[in-house]
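Please keep the sequence and the model in view while reading.

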Amino acid sequence: MDRDYQKICGARTIQSDKKGFFNKFYLETKQTCGEKWLQNHFGQLKSNEARLLSMFNDPDICDTVLSILENVQPVYKQKDALFSAQNRIKAEKCYILSANTNKQENLAQALAFANLAVTRAPAKGVNKQIDGGFSLAMAFRARAVILLAMGEGQVALSDLKLAASFGLDTQKNVDYYIQLAKAYELMDEMPRAEISLKIAEKFAGDNKQTIEVCRQEWASKKAEKKKPKLKLIGEGPLLANGENSDLKGASHLVKLVESKEKGRFIAAQNEVRTGDVILNEKPIAACLLPSFYGGFCCHCLEKLVTPVPCSNCSGLAFCSAQCMVKASESYHRFECQFMDLFIGSGMSILCYIALRIFTQAPNVESALDTSDLLYKNLCAHEDSRQADDYLQRSLMAGFLMRCLQKAQYFGPRKSEGVNPTAIELKVCTGLLGLLQILQYNAHEIYQTVKSADHIFDGSRIVYIGAGLYNTGAYFNHECWPTVARYFVGKNLILTATKPHHPNEVIAENYGPIFTKMNSKERQRSLRGRYLFSCDCMACQENWPTLQKLDKQVRFRCPSTTCSNVLHFPRDILKDVRCARCRKNVSLKESVSRLIKIEELYREAAEAMQEQKVHQAIDLFKESIDDFFQIAVLPHKDTLIAQLSLIKCMAAIN
């Protein structure tokens, strides 16, 4: 085992940015306690609680720890009414320019400025010197007008309602009800549109010209079929064969099994076909990377188009009022004022998840139950950790606990001191356990960013966050996985990329993949990051990377009771001798089927190029299933087909 490499890998799961202050905190504490104390005392402690008690109470270390944690204070990006008003004016200018020039880029620029105005506007009445204290309402109203011009009725309606809820005067407001009517018309809800227009008509008195223009526009557009441009997010694809009552989010086609060598892992319970969705799971907790706070919803992780801000901070946003309310009533009320402090610490995304498991829980007791259960059931590799690894994680647990103290997660405290009460020590112990299991069980969450011209050409994968999935954590690793992993929002989706027989292992991939890395590199990465050596088929047979792989194929022996594999025959017209079943067998039919399979691969690739995604998926599923009936991997064309199938399945969700 490469201890130095393991140490580097472990450190990265706690601090993602060495420039953050946490790294200085850790190094200063380590220097204070000394290597002898660290190895001979702290390194010999056997429980997480004992490590934390030592950190808070031992005279060799506690003064340094307490003096730094005492300085924890809220740090977050606050609202700015002037900045909001300035950007609203810019948005309105771009909107007027777009109306005169009919240029879509002006509308897009107007929306960008309006988004800034919304995000930075303080709540109603906070700054009465600017906009009379109604900056947020006015920002939502301005954005709604832009969205109506873009043809986005549903999100415009949401903004209009938010504007009203944050103080916009709607009494006898003709323009407001006309805009409501336009939003409903774009949504093809004409009865509501008519009601809104009649209210506007009532308030307009003799000045009904704008209303008549609106009716004329409706009449000219009556034959048009309306399509929303903004993506409406669902829950992802349906599970094949329904949900397994014993495995949340998993299909009835799979089961959880256990062995001495592999621990607990997922295997096929019934026949699984290529394309079967075997997991669609919501996370126990998921967090967005701070670098994406401006581009994705911090609650559902969907791409932001019309952000809805937190009422208190400006550091992040949500895709809708619904997500904002859910977050604010749950975890964000404890995290809000510390967002910039977390970023400044340089703590990793796994630390955010550990904290979120506590902040999102309905109460402290529920959070402790969850953390205890996770620590009990998921791999933590307690016996393989080094003393400084435990010190680093203990310090992070202490920092997170201190933030919870300052956020009044435990209620008002009698003392401003850091030393934890009994319940605070339990939470700190739970955080330390989570920081261990998350290292080996969390999933990176990514989205596929598509180009404007083509679904596949120029598309790229962007990692936007991470999550912990209860059932997803039980999938073992292979260097060529048998499932495709992608995400719908923060839901983890796993879909079979090959057929599986009952009891066959269904494998994920933890990062090192044989198509890009050789066996030596993969083994070093897995040992350092996950503390195991891989013995999957790609490793046992030392498959070359995809670039170096030739197009040779190995066929299954046609004898029904034989599991041997045979090389491509020199002469397909002649029988070959199987060394295992000792029969002379013909591979003529297998070769003929392979030719048809490769033709289907080509047809599927052409369908992808023509962006006929569903047709491509059907062709790939059929041909890959056929391939595994007659042959085994590695086969270059089949590997490429599986990769293409993964792209297709991610593209339709």
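In what follows, a residue is called buried when its relative accessible area is under 20%, exposed when that area is over 50%, and partly exposed in between, with a 1.4 Å probe and only protein chains considered. By this criterion Glu-508 is buried, because its relative accessible area is 3%. The structure is a predicted model, in which local features need pLDDT of at least 70 and side-chain atom pairs count only at pLDDT 80 or more, whereas totals for chains, interfaces and linings use all residues. Residues are numbered from 1 along each chain as its sequence is written, and side-chain values use heavy atoms, with hydrogens and water left out.

**Overall architecture**

The protein chain has 653 residues, of which 53% count as buried. Along the principal axes, its C-alpha atoms fill a box of roughly 100 × 75 × 40 Å. The chain contains 23 helices and 15 strands, these being DSSP runs numbered from the N terminus (helices H or I with at least four residues, strands E with at least two). An unreviewed UniProt entry carries the annotation "domain: MYND-type" for residues 297-336; such positions are given in the numbering used here, feature names are shortened, and annotations may be inferred rather than shown by experiment. In the model, the span 297-336 is 32% helix and 10% strand, and its end C-alpha atoms lie 15 Å apart.

**Salt bridges**

Side chains of opposite charge can pair when their charged atoms come close. A salt bridge is taken here as a side-chain nitrogen of Lys or Arg within 4 Å of a carboxyl oxygen of Asp or Glu, and the structure holds 17 of them.

| Salt bridge | N to O distance |
|---|---|
| Glu-416 and Lys-406 | 2.9 Å |
| Arg-485 and Glu-508 | 3.0 Å |
| Glu-541 and Arg-554 | 2.9 Å |

The side chains of Glu-416 and Lys-406 meet in a salt bridge; Glu-416 lies in the loop between α17 (387-406) and α18 (422-441) and Lys-406 in helix α17, so the pair ties together parts that are ten residues apart in sequence. Glu-416 counts as exposed because its relative accessibility is 54%, while Lys-406, at 21%, is partly exposed.

Arg-485 and Glu-508 also meet through their side chains, and this pair links distant parts of the chain, 23 residues apart, with Arg-485 in strand β9 (residues 483-488) and Glu-508 in the loop between β10 (491-496) and α19 (519-530). Arg-485 counts as buried at 18% relative accessibility.

For the salt bridge between Glu-541 and Arg-554, Glu-541 lies in the loop between α20 (537-540) and β11 (554-556) and Arg-554 in strand β11, so the pair ties together parts that are 13 residues apart in sequence. Glu-541 is partly exposed, with a relative accessible area of 34%, whereas Arg-554 counts as buried at 19%. Elsewhere, Arg-88, Glu-92 and Asp-131 are linked in a network of salt bridges.

**Surface patches**

Patches are made of residues with over 30% relative accessible area and no salt bridge, like charges being joined within 9 Å and nonpolar side chains (Val, Leu, Ile, Met, Phe, Trp, Tyr) within 5 Å. Phe-568, Ile-572 and Leu-573 form a nonpolar surface patch with about 280 Å² of accessible area together, calculated by the Shrake-Rupley method with a 1.4 Å probe. Phe-568 is found in the loop between β12 (565-567) and β13 (576-577), and counts as partly exposed because its relative accessibility is 35%.
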